[in-house]
Amino acid sequence: MTPNRGAKREISFVVNGDHRTVCVYPMERLLDVLRQQLSLTGTKEGCGEGECGACSVLIDGALVDSCLVPVAQAEGARIVTIEGVAANPRFSALGQAFLDCGGAQCGICTPGMMVAAVHLLDRNSAPTMDDIREGLSGNLCRCTGYLQILEAVAEAARRTAVR
Ligand code: FES
Ligand code: FES
């Protein structure tokens with residue numbers, strides 16, 4: 001449901017390196033604005049309540065659940081979605097490792113997992129399994145049992161370390 005209290009207004013931010021201005025109700029969810037107005041549908045909705053991490057994006061370098069962010073709070077921010085994460089040099093190694101390790105099954109959690117994994121590896125290029133567990137602790141997966149995802153991130157870290 002779209003919160004429509006108040007009047008629409010223009011809000012500007014940078015998304016994946018591009019300056020964007022949208023005309024929105026200030027309390028609309030950033031998740032909906034990204035998907036519906038900006039056609040950035042790689043960001044998924046799972047729970048809609050800040051529990052699953054399917055809607056993860058980076059805002060000014062912080063990993064956040066976009067379903068919990070009123071779009072007005074993102075004014076002036078630098079937002080990176082899964083589409084922008086795809087430009088990160090670690091992305092292809094992560095994607096291949098997810099495939100090789102069985103870390104992606106239905107795929108609903110995968111974009112959020114990848115955003116969280118890139119966020120982790122950018123800060124810690126040689127994470128322990130505990131680091132990876134912690135880095136992905138906000139992201140739920142109903143399919144894999146998590147081990148394959150943890151192994152995929154560890155494998156991607158190994159592969160990018162030897163490049
Ligand atoms: S859809 Fe945002 S945390 Fe689940
Ligand atoms: S692969 Fe289906 S929820 Fe994670």
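Student: Hi! What should I know about the model and numbering first?
Tutor: It is a predicted model, where local features need pLDDT of at least 70, side-chain atom pairs count only at pLDDT 80 or more, and totals for chains, interfaces and linings use all residues. Residues are numbered from 1 along each chain as its sequence is written, and side-chain values use heavy atoms, with hydrogens and water left out.

Student: Is C101 buried or exposed, or partly exposed?
Tutor: C101 is partly exposed at 22% relative accessible area, while C109 is buried at 12%. Buried means under 20%, exposed over 50%, and partly exposed in between, with a 1.4 Å probe and protein chains only.

Student: Switching topic: where does the largest pocket lie?
Tutor: It lies between domain 1 (9–85) and domain 2 (88–162), because both give residues to its lining. Those bounds come from an automatic or database domain assignment.

Student: And the hairpin, which strands form it?
Tutor: β1 and β2, with two residues between them. N16 in the turn has a positive phi of about 50°. β1 (residues 9–15) and β2 (residues 18–24) pair in the antiparallel sense over seven bridges; pairing takes at least two DSSP bridges, and strands are DSSP runs (E, at least two residues) numbered from the N terminus.

Student: What stands opposite V14?
Tutor: H19 in β2.

Methods
Chains are lettered from A and ligands numbered from 1 in the order in which they are written. Helices (H or I, at least four residues) and strands (E, at least two) are DSSP runs, numbered from the N terminus.
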